[in-house]
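Dear colleague,

Please find below the structure that I am handing over to you. A short account of the findings follows it.

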Amino acid sequence: MDITVPARAPWSAVVEAGRTLTITDLGGNQAVDCLLYDAHDTRVRYSAQDTVHAQGGIFLTTGTVLLSNEHTPLMTVVDDTCGRHDTVGGACSKESNTLRYGQHTWSQHACVENFLAEGLRHGLGKRDLVSNVNWFMNVPVEADGTLGIVDGISAPGLRVSLRAETDVLVLVSNCPQINNPCNGFDPTPVRMTIQ
């Protein structure tokens, strides 16, 4: 499977155990929000806490094992030409946009809405949304412990490849955020390749 996901759009697929999903940043500086679930039991899902604890750091790159809330491996980052991805910044929502950027942003589409629309196709609802991975997004931790959302470090053609350690349902929101620099204020398409 090789598909281009339009700017701001959701996408999902089941990646079978042993197969690899490659996400390619076509335009550069595009954040790709991602949720992972065991394809046979969606109560088992990506856990930022377990992943951060097990690897001893908050940034994801080659060698990172993405763990579930059962502390079981879902996917492993096997190749990464960007070198740093976020697992603490969360997904944008209408509510967070309004709080951060003002009431005029309320009507703007956000990642949470993408996750809800795409998740519905798989029987998932709002209670099934958890902290997500933000591929290609740059969220540094400042000296005082605050998080920054700054210009990405990705560029056109950079990619991250994930090997499924079990059958994994992958939900993606090709982030529509236009109020901060995570997408360079201009969301662009990404390519999803399963091999």
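Leaving aside neighbours within four places in sequence, Val130 is in contact with Leu35, Arg45 and Tyr46, where contact means heavy atoms within 4.5 Å. This is a predicted model, in which local features need pLDDT of at least 70 and side-chain atom pairs count only at pLDDT 80 or more, while totals for chains, interfaces and linings use all residues. Residues are numbered from 1 along each chain as its sequence is written, and side-chain values use heavy atoms, with hydrogens and water left out.

Val130 belongs to the loop between helix H3 (111–120) and S8; helices (H or I, at least four residues) and strands (E, at least two) are DSSP runs, numbered from the N terminus. With a relative accessible area of 27%, Val130 is partly exposed, since buried means under 20% relative accessible area, exposed over 50%, and partly exposed in between (1.4 Å probe, protein chains only).

The largest nonpolar core has 30 residues. Such a core is a set of buried Ala, Val, Leu, Ile, Met, Phe, Trp, Tyr and Cys residues joined through side-chain atoms within 4.5 Å. Leu21, Met75, Trp135 and Val170 have the most contacts inside it. Apart from it lies another core, of seven residues, including Cys92 and Cys175.

Strand S3 is mostly covered, with five of its six residues buried. S3 pairs with S9 in the antiparallel sense over six bridges, pairing being assigned if DSSP finds at least two bridges between two strands. Within this pairing, Thr22 stands opposite Ser161. S3 also pairs with S11 in the antiparallel sense, over five bridges, and there Ile23 stands opposite Met192.

Yours sincerely
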